[in-house]
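Subject: Structure for you to look at

Hello,

Here is the structure I said I would pass on. My notes on it follow below.

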Amino acid sequence: MSRTLACLAVLLAAVPPLAAQTRQPGDPVPLTLTPARLPEPSLQYRLLPGPQELTSGNAASLTYRTEALLVENPSLLREIRSVKWIEWMALPHKDLPREEVHDRLRTVALLLRELDRAAHCRDCDWQLAGRPEGIALLLPEIQGLRELANVLAVRVRYEAAEGQFPEALQALQTGYALARHLSQAPSLIHVLVGGAIASIMDRQLEEMLEQPGAPNLYWALAVLPHPFLDPELAIQEDEPMIERSLPFAKRLEEGPMTAAEVEGAERQLRQLNGRFGTGPTHIGQEIVQAWHYGAAYAEAKRALVKEGMPGDQVTAMPVFQAAALYTLREYRRAWEEYTKWFAVPGGWHEPGYQQSRKRYQEAALRLDRLFFPENLGGGIPRLEKIGLVLDRIERRFAALRCVEAIQLYAATHDGKLPAALADITDVPVPPDPVTGKPFAYTVQGDKAKLDSPAPSGEELPYQKVRYEITLRR
Amino acid sequence: MSRKLACLALLLLAASPITAQTRQPGDPIPLTLSPAPLPVPSTRYRLLPEPRELEPGNAAALYYRAHALLAEQGNLLREIRGEEWYRWLETPLRDLPLGEIRDKLRDMRPVLREVDLAARRRQCDWQLAGRQEGVGLLLPEVQVMRQVAVVLEVQARYEMAQGRLPEALHSLQTGYALARHMGSGPTLIHVLVGLAITNLTDAQLDEFVQQPGAPNLYWSLTALPRPYFNPDFAIQEESSWLEHMWPGLKRLEEGPMTTAEVDDLQKAIRQTYDRFSAKGPGQLELAAQSVMQAVAYADAKKSLLAQGTPAEQVEAMPPFQVVALYAVRAWHHAWDEYVKWLRVPNFGNEPDYQKARQKVQEAADQLYRLVLAGKLFEALDVGKPIPFEKVYAGIGRNERRFDALRCVEAIRLYAAGHDGKLPAALKDITELPIPTDSMTGKPFEYEVKGDKAKLSAPLPPGPKPPPYMQLTYEITLRH
């Protein structure tokens, strides 16, 4: 699967958590809760393994090994891919065929144990950074991890339905750790899959909180790292990934190329396009591509001289080199301007980000036209999608902290809902991390609504977090 | 499959390289060679990636990733299991269907790429040491590595068939590095699979040195780390299986236990049955065990006192602790007495090694009777003696093959400096040190008849070894 297709598939899968298919994105999530005090100690339960539980070792090795265990075991592979897991994720706890689920979970215990070990590793290095394959690096193993996350989710549901909350939380920890480890990988696809897995786990967490006797997880949520997904490495790696895919990129900077060198570079480009099917598909595209080289050349000459390159050197450069060098330099600069906003929390909501994004899109389009006759398309990263995933995860954690704060308030106030979030004084009530504003909270009769205000310019339904809370008496 | 069965199966595989199936084990290996001087520099061609080529990172992660790619791509998995790979290992180079192989290798590229990168990593940590599964740890991924190695060796043959010797050598390097990484693993199964992969690669190296224009690899062979396989880590892990599986056993040594602690330990042992999805011991078995514990108590107490455990401590111990501590110590003692022989050359022929082996068996039986209970542990061969002599014979055979090939390369060098003639005796070669057979410490046997020479490994002392332990090269020089 090409990276473009993989990105699209992951995004489609990531947006509406499978278990939530009966609700439309943006619909309020009904939560029927029991008042619950904080556990003692308040961090008795965690959503990621505690620091003292971590062991030395590389989580990625054991995650790969989990999939490796399937190689010699086709029945287990079929089991993991069974549609049953997806069906069970959508079933209410009370309707789960517990005996059958128990037996199936026993069958896959070997895999879950390996994932659990991975979750407890202190380090995670997927060993994919700096890979010379560039955008040609295939990542078929990623899809398998999503399937394993479904199994983990069913385990959470099963344990929660049995009232075995420590076991349910252990499975949640494993799922959240897998999500976070994926987000620390050097590709945006990993980050998106990490986001999808975190969403699957969130859904299980919501349902677990509804179970009578479920512990209050306010502090477990509060101590999660922020941002939960950590795409820094993926962002760092994405720009050089394009350059690594173009083996001649370095040579462009080293003085005028000979005709033979240009020919070699063009051959490399043809090979790359041949491998991905991104080359010109008809003569028209070839003509347009040649025109783009010509157009870029004139602009490139001016720009390169302006950047301080000696005029005679620029003049001595073949058209291919000057156009390619300018295009790559501009792409690099635009990428830096674009990604710097990700160093600012929620930076992708800033007006400056939009300008950088526009410049990046232009640079990316020029690069696509020149090297891949506009066939790369979605293969050029659009980081705002990552931003949306980050937002969604952060916002849901913050909203769930509010929910737990409400449960705590009710436990100390005769099972009553607070009239306003400001009435909760036992623990800090977090604002919506996307907008920085408090969550909207209203009480009507014995129901409360917790709603995330829509950030400016963003109305995507699946970005909203809305809970409709009813307290059990 | 129990670990013992897996070990035996692997030993058999390691003993008879697939490529040699048309020859019977022990049959002479014919080599048609061209004289070849040393390259400049003399270690220009390496059989393991050069240290400066190594990248930081853990090779095992990438090997696992190669497996993960296979698991997720059913067509690749089917492809790698195709019987044609094995056929191509035996097909003479000139008869290989190059077009078909090229297409198949192209399909395999993602997997080979990962293995290639892994082979050039600085560390290899399989992250399986100290695992609580102990001897029950499943290793289905290990066997696949053998299939990957077969594909690698076909790649080497494909390249040799086209005269692309540097590329073929690169594939051989990857095979040798993969084998050594496997051999550094924490179980004897890893070591044995490593040996099997080396055997596969050695067979291609035999082919490689016969190629016209093949560089002289004397110093490449000499520069290989020796011994090439060191099973110490795997043996250490085998020694610690009890404490890995039941960490609570360590508590036995730390003064008298409470009733609750004893209950916890017994529960942990019983839970093992759940872990293996096996039926636990029945009431009758447990009752029988209690009787055996009661019978053993007096001896156990006496033994602990004799070992220096203070009397008041022994008296304060619950009976289970006394009996369990006695049985666990007895097993460790027997095991240590057994594995100490591994440092002695040809230990397999030592009568005291055989006695020590029997003692381990008895100690393991006692452990089953008094502490573990039930058939599961017996079925898993937990704590039983391992045929180390066979493992070490495999390691020795590999060392010997490298030694013999060094002699072969020394002969090619001699021929290059002596008008293409064979030396009359190995001692006539003065340009380089001629290795002895590391298994026996004796010189290789060498005789010339007409334009052919025969290089044979001397037979070790004791009974005549099985054919697969014999090694003979029949050398003809091209003119």
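Between them, chain B and chain A bury about 2900 Å², counted as the accessible area (1.4 Å probe) that two parts lose on being put together, summed over both. Carbon and sulfur atoms account for 53% of this area. On the side of chain B, B:Arg65, B:Glu72 and B:Gln127 supply 24% of the area buried against chain A, more than any other three residues.

This is a predicted model, in which local features need pLDDT of at least 70 and side-chain atom pairs count only at pLDDT 80 or more, while totals for chains, interfaces and linings use all residues. Residues are numbered from 1 along each chain as its sequence is written, chains are lettered from A and ligands numbered from 1 in the order in which they are written, and side-chain values use heavy atoms, with hydrogens and water left out.

In terms of contact (heavy atoms within 4.5 Å), 36 residues of chain B meet 34 residues of chain A. The interface has 8 salt bridges, each a side-chain nitrogen of Lys or Arg within 4 Å of a carboxyl oxygen of Asp or Glu. One salt bridge joins B:Arg131 to A:Glu114, with the closest N and O atoms 2.5 Å apart.

The elements of chain B that give two or more residues to the side touching chain A are strand E2 (55-58) and helices H2 (59-72), H6 (109-119), H7 (140-161) and H13 (259-275). Helices (H or I, at least four residues) and strands (E, at least two) are DSSP runs, numbered from the N terminus. H2(B) gives the most, with 10 residues.

Chain A also holds an open sheet of 4 strands in the order E1-E6-E5-E4, with mixed pairing; two strands pair if DSSP finds at least two bridges between them. Its edge strands are E1 (29-33) and E4 (440-444) of chain A, each pairing on one side only. From one strand to the next the twist averages 20°, with axes fitted to C-alpha atoms (for helices over the stretch in contact) and angles running from 0 to 180 degrees between N-to-C directions.

E1(A) pairs with E6(A) (residues 466-471) in the parallel sense over 5 bridges, and A:Thr32 stands opposite A:Thr470 in E6(A). Helix H9 (residues 188-210) of chain A packs on the sheet, where it touches E1 and E6 of chain A, and its direction makes about 35° with that of E1(A). Helix H18 (residues 383-412) of chain A lies across E1, E4, E5 (447-451) and E6 of chain A, at about 15° to E6(A).

Regards
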